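Subject: Structure for you to look at

Hi,

Here is the structure I said I would pass on. Have a look at it first, then read my notes below.

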Amino acid sequence: MESELNTGVLLFLPYRALENRVFAALAEAGFNDFTPAQARVMQRIAPDGTRLTELAEQAQVTKQTAGFLVDQLEKAGYVTRVPDPTDRRARLVRGAEKAWAAKEVADAVVAEVEREWEEHLGKRRMRQLREALILLREITDPWQT
């Protein structure tokens with residue numbers, strides 16, 4: 001069975017397990033009022049804010065979908081919208097204090113899971129895995145910074 005799984009599935013399975021752990025910890029910490037779809041948009045918000053059109057492009061959803069998700073996040077207190085200082089006609093979506101608090105919880109879980117993976121794989125293999133994924137990012141993530 002394992003040899004029949006393609007690389008995409010093999011990459012997705014640990015990601016999904018990680019995501020499930022993060023969302024369980026977030027819910028336990030009281031951040032149970034947003035969805036994975038909203039989180040994917042929220043993850044792309046730059047510290048100084050991001051325009052809705054950029055969020056839509058990076059989350060690979062329509063502008064209307066991104067707008068709907070941001071509306072929900074704003075109502076829940078995770079984001080705010082502010083004027084873009086470079087173009088007064090545009091608005092930036094910024095993470096609110098609640099989003100940064102949730103990020104701290106999520107970051108702690110990610111670090112814990114990565115330590116578990118390293119214990120399972122060993123330091124050398126974990127380093128090689130990260131190096132390989134960073135190289136793949138060069139050809140798969142057009143929004144890498």
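This is a predicted model: local features need pLDDT of at least 70, side-chain atom pairs count only at pLDDT 80 or more; totals for chains, interfaces and linings use all residues.

A quick word on terms before anything else: helices are DSSP runs of H or I with at least four residues, strands are E runs of at least two, and both are numbered from the N terminus.

The overall picture

The protein chain has 6 helices and 3 strands. Going along the sequence, they come in the pattern α-α-β-α-α-β-β-α-α. Along the principal axes, the C-alpha atoms fill a box of roughly 50 × 35 × 25 Å. The chain has 145 residues, and 28% of them count as buried. If you take contacts between residues at least 6 apart in sequence, 47% of them join residues at least 24 apart.

Is it buried or exposed? The cut-off for buried is under 20% relative accessible area, and Leu73 has 1%, so it is buried. Leaving aside neighbours within four places in sequence, Leu73 is in contact with Phe34, Gln38, Met42, Tyr78 and Val79. Leu73 and Ala56 are 17 residues apart in sequence, and their C-alpha atoms are 14 Å apart in space.

The aromatic cluster

How do the rings of Phe34 and Tyr78 meet? Their centres are 4.9 Å apart and their planes lie at 70°. Planes over 60 degrees apart count as edge-to-face, so that is what this pair is. It also links distant parts of the chain, since Tyr78 is in the loop between helix H4 (63-75) and strand S2 (79-84), 44 residues apart from Phe34. Both Phe34 and Tyr78 are buried, with Phe34 at 10% relative accessibility. Put together, Phe23, Phe34 and Tyr78 form one aromatic cluster.

How the helices pack

Start with H1 and helix H5 (residues 97-121), whose axes come within 9 Å and cross at roughly 135°. That makes H1 oblique to H5, and the crossing is right-handed. On the H1 side, the contact is made by Pro14, Leu18, Arg21, Val22, Ala25 and Leu26. H5 brings Ala102, Val105, Ala106, Val109, Val110, Glu112, Val113, Glu116 and Trp117 to this contact. By class, that is 12 nonpolar, no polar and 3 charged residues.

H5 also packs against helix H6 (residues 123-140), where the axes come within 6 Å and cross at roughly 120°. H5 and H6 are therefore oblique to each other, and their crossing is right-handed. From H5, the contact takes in Glu114, Trp117, Glu118 and Leu121, and from H6, Lys123, Arg125, Met126, Leu129 and Arg130. The classes here are 4 nonpolar, no polar and 5 charged residues.

Helix H3

Which residues of helix H3 (residues 52-59) are buried? They are Leu52, Leu55, Ala56 and Gln58. What covers them includes H2, strand S1 (50-51), H4 and strand S3 (87-95).

Gln58 is worth a click while you are there. Its relative accessible area is 18%, so it counts as buried. Apart from its neighbours within four places in sequence, Gln58 is in contact with Arg44 and Trp143. After H3 comes Gln60, which has a positive phi, near 60°.

That is what I have so far. Over to you!

Best wishes

Note on methods. Residues are numbered from 1 along each chain as its sequence is written. Side-chain values use heavy atoms; hydrogens and water are left out. Buried means under 20% relative accessible area, exposed over 50%, partly exposed in between (1.4 Å probe, protein chains only). Rings of Phe, Tyr and Trp (its six-membered ring) pair if their centres lie within 6.5 Å; planes under 30 degrees apart count as stacked, over 60 as edge-to-face and the rest as tilted. Axes are lines fitted to C-alpha atoms, for helices over the stretch in contact, and angles run from 0 to 180 degrees between N-to-C directions. Angles under 35 degrees count as roughly parallel, over 145 as roughly antiparallel, 65 to 115 as roughly perpendicular and the rest as oblique. A crossing is left-handed if the near helix is turned anticlockwise from the far one by less than a right angle, and right-handed if clockwise. Contact means heavy atoms within 4.5 Å. Ala, Val, Leu, Ile, Met, Phe, Trp, Tyr, Cys and Pro count as nonpolar, Asp, Glu, Lys and Arg as charged, and the others, Gly among them, as polar.
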